[in-house]
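Subject: Handing over the two-chain model

Dear colleague,

I am passing on the structure we spoke about, and I would be glad if you could look through it alongside the notes below.

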Amino acid sequence: MLHTETLVYALLGLPLLASFGVLLLRQWPNLRDGQAVLIGLLTAACAITLFARGADGTSLTLLAMTPSLSISFTPEPLGLLFALVAGCLWPLATLYTIGYLRGAHEDNQTRFMFFYAIAIHAAMAIALSGNLLTLFVFYEILTFSTYPLVTHKGTEDARKAGRVYLGILVASSVVFLLFGVIGVWVIAGTLDFTAGGILAGKIDPIYVPLLLGLFAFGIGKAALMPLHRWLPAAMVAPTPVSALLHAVAVVKAGVFTVLKVVIYIFGLDFLSSTGASEWLIVVASFSILAASIVAMRKTNLKARLAYSTVSQLGYIVLGAALASPLAASGAALHIATHAAGKITLFFCAGAIYVAHHLNDIKDMDGLGRRMPITYGAFALGALSIIGVPPLGGAWSKFMLMGGALDGQHMLVLIVLMVSSLLNLVYLGEIVLRGFFAPAKAGSVAQGDYAEAPWACVVPLCVTALISIMLFFSVDFFILKFTG
Amino acid sequence: MMQHLPILQVIVPLMAAPLVALLRGREIAWLATFVVTGVAFAISLLLYFQVSESGTRLVYELGGWAAPLGITYVIDAASVLVLPIVTGIGFVVTLAARHLVTAEIDQRDHALFFTAWLLTIAGMLGQVTTGDAFNIFVFLEISSLSAYALVAMGAGRDRRALPAAFNYLILGTVGATFYVIGLGLLYMLTGTLNLDDLAVRLADIEQTRAAYMAMAFIALGLFLKMALFPLHFWLVPAYSFAPSAVSALMAATATKVSVYVLVRLMFGVFGIGFVGISQGLGTVLLTLGIIGAFVGTLAAIIETDLKKLFAQSSIAQLGYMAIGIGIMTPAGLAAAFIHLFNHALMKGALFLAIGVIGAQTGRATMRSIEGAGRQIPMTMTAILFGGLALIGVPLTAGFISKLYLIRALLESDLWILAGLTFISSALALAYVWKIVEAAWLKPRPEGAPDLHETPIMWLPAWLLVVATIGFGIFASPLISGAMQAAMMFFGGQS
């Protein structure tokens, strides 16, 4: 029987171990990548065990930086869910990465695998962080460790994208987020995540919306408009990076942080009683709709998916802003369901690129008949994002709607419905074109069955199945939050 | 022996300086300097442990003459923070000086170079340890005069070092003169130059105009010496045209010592109760500090010469120290001490790493480091870490600095100033990332000379990088030391 403590150390340590393994075994690509997948599977096993066991109040202090600040880790339900998502998707993403990098003949594969593992380590640390300082430290490490991935190609475009990526994420975090963190430290005298929040009674309610704003816009990784530009900009990176950004770690770390701060720093009761998050509901709703509309206008597949992510992240921020237990549970569940759905979509986009070097949706007419497995998985992922049963996304949307009803936010209900329709339009188009549109003369869509390498196809099938599995075993993933 | 440590701290490098001038061999002059700075570092650590263990201050009476007739040397909670940083940086930079000086200075001048080098270190140590206001002036001149000479030695490679040194000399002398005018007024008013004695006697004549004038003159002189905006124009050319080793030593320590002297005189002598301090100085420092932070950062962003770039960044960082002092609370003063210490480490590391490049290419410019990330990875990584610390990225010393500075601002309800400080520190990302992109994301241009590095070249910079990260993770001793020092200046209460 493993101690909870051991599992926490394992979750934090295994990705680091994998990163060193990558460096040590750089001469032998098969060994290098094989150990990364194995360690990934081990990490996933640990994450599942720990999630199934639940939080038991264990808290580890790794080191005390100053008399009142420490790096410490405290598993709690929300964090364990994020760790579960990151931990389970990591081995799949690694396998996919191997297929993609080799299929597309990318350079600097060792560097890529190294920083990928470091990013997972940072994500795990964010998930398990016991106080805001720890979260902030690893939030920054996640930003810096993903920068070499975003600029992997080293072209002028990649440099520009890297500048936007780093500029927005670092500037927002060191200006607003750190401001918020230190503000909380001064106001509450502590930074520990505590059930029910730590601010009630210590701050004049007038300032609560302002403080919430520092967090909402300081957490650039949540990609709330107008801080979303880094996400589409990062599309120049290889597709495995997009999977990492959109599903496994980066944006999920962002919305996770928003949820965690709302639940464990502000406290749901405190927020709903002061009405301090009303404005955030409006901003998040705007972000949901505006990003969907932009997505419809994009014909580059990855760009469209990127804006779809911006929109979907809005759901989670919205769930936090609604400040009701049901909406918060829905938002937490949406982290998992969106991750499974979106990683499928990106894996498919990457598979299409590796097999046929296509990026533009207009060139993909009829391609579904050549890549039926990829397009089938894409359809499942898309349906989950849209929120159609029997796929996981249906539940999280359902719970968010319930949360909106609880709080008498009828407009929010309409926003959610309209957004689902928009999702249907811009994701459905890709599937329909793939399967039913006649292939244009001279396009690669003419020809025989031609899928991407198996290392790309297997992961996308698995993630598509996870989306279905999420629908039927949703009980396991629903977290209960109180006040 | 142990009771003589306070004076040995100063006298060892001071006496060694003329002896080094007599050593004509190049290696032997360096070796002697290296040993002496090592001894000075050891002494400062011993002093640190003595003071922090006993919790009291050490007062050493020179020649056995009691104050106020004799001159005293005082080691207290504040000076034990500054002494190790001056001697420690001095030690590490001397280690690097071996190859930097060989590359940049004419061999005939090596002995003289190391003489001036030891003198400037001795002068700085004297300013920190002495308990006598006029003695401070004497040591200020010792360190400054030798520093002018050191800057001028850059002329062997770039003639522009001469006007830079001359400007530095003129402005430095103006600053020192202001200081001594203020001191003259104080002496006239009180009849004493001993710092403790001055503090006692000033209490009776606080409200006189002459006392205000004295304070203003002293503060202005020291503003010049610490390169506070807008009195910073001497700093950038002086640091950038000086030999690399000199840039590293001065950027890390010289202005810091002036900050320390300012704190010692303003808080330790005039005291927080003095109206000019509580109402005048604070506002001035906050205003000039935040403007300096922006001006320095923006100038650094457009700069293409690495030495100038980081010299401009020093202006910004001194601005943060000024803000910390200007808050006029123990927390603010502690934040200033913390940043003083941490910034010395990061800037030392940065200038040493730049020295590795400068020694090979003449001047380290954005162009000369294009694609350098693969040729000299250790050196460029040192610059990366130093830069991250300047931005204030977590797990570096810069993060701790920022954390405590902002906290002090918020505790005093200076929300807007806190916001501005955040913005200016985030802008630092722009100039740091410019370097990262050039070094790692651009290919080495055709025909650019190959750069190389050996462990002996990057080791000194890395020693300071490790210290920067170490103090970013294990910050407790520094923070409690700084708090203790700040409390001392606020009369023991918060």
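How many helices and how many strands are there in chain A? Before the answer, please keep in mind that this is a predicted model, and that everything below is computed from it. Chain A contains 18 helices and two strands. Its radius of gyration is 21 Å, close to the 23 Å that the globule rule gives for 483 residues, and chain A is therefore as compact as a globular protein of that length. The C-alpha trace of chain A spans about 70 × 55 × 45 Å along its principal axes, and 62% of the 483 residues in chain A are buried. As for how the sequence folds back on itself, if one takes the contacts in chain A between residues at least 6 apart in sequence, 81% of them join residues at least 24 apart.

The two strands of chain A pair with one another: β1(A), residues 60-66, and β2(A), residues 69-73, run antiparallel and are joined by five bridges. One of the residues involved is A:Leu60, whose bridge partner in β2(A) is A:Phe73, and the hairpin that leads from β1(A) to β2(A) passes through two residues.

Among the helices of chain A, one pair deserves a description of its own. Helix α13(A), residues 301-322, packs against helix α14(A), residues 325-356, at an angle of about 170°, and their axes are 8 Å apart. Because roughly antiparallel is the term for angles over 145 degrees, α13(A) counts as roughly antiparallel to α14(A). On the α13(A) side the residues that meet α14(A) include A:Leu301, A:Leu305, A:Tyr315, A:Ile316 and A:Leu322, while on the α14(A) side they include A:Ala327, A:Ile335, A:Leu345, A:Phe346 and A:Ala349. Taken by class, the residues of this contact between α13(A) and α14(A) are 13 nonpolar, six polar and two charged.

Turning to chain B, we find 19 helices and two strands. A compact globule of 494 residues would have a radius of gyration near 23 Å, and the 21 Å of chain B agrees with that. Along its principal axes the C-alpha trace of chain B spans about 70 × 55 × 40 Å, and 61% of the 494 residues of chain B count as buried. Of the contacts in chain B with a separation of 6 or more, 79% are made by residues 24 or more positions apart.

The strands of chain B, β1(B) at residues 58-61 and β2(B), run antiparallel and are joined by four bridges, with B:Tyr60 standing opposite B:Tyr73 in β2(B). From β2(B), which covers residues 72-75, B:Thr72 and B:Val74 point one way and B:Tyr73 and B:Ile75 the other way, yet all of these are buried.

Finally, where do the two chains meet? In the model, 26 residues of chain B are in contact with 22 residues of chain A. On the chain B side, α16(B) (397-411), α17(B) (415-441) and α19(B) (476-489) each supply at least two of the residues that touch chain A, and α17(B) gives the most, with 10 residues. By class, this side of chain B is made up of 18 nonpolar, five polar and three charged residues.

With best wishes

Terms used:
Residues numbered from 1 in each chain as written. Chains lettered and ligands numbered in written order. Predicted model: local features only at pLDDT ≥ 70, side-chain atom pairs only at ≥ 80, totals over all residues. Contact = placed C-beta atoms within 7 Å. Nonpolar A, V, L, I, M, F, W, Y, C, P; charged D, E, K, R; others polar. Pairing = 2+ DSSP bridges. Axes fitted to C-alpha atoms, helices over the stretch in contact; angles between N-to-C directions. Parallel < 35°, antiparallel > 145°, perpendicular 65-115°, else oblique. Rg over C-alpha atoms; globule rule 2.2 N^0.38 Å. Buried ≥ 20, exposed ≤ 12 C-beta atoms within 10 Å, placed from the backbone.
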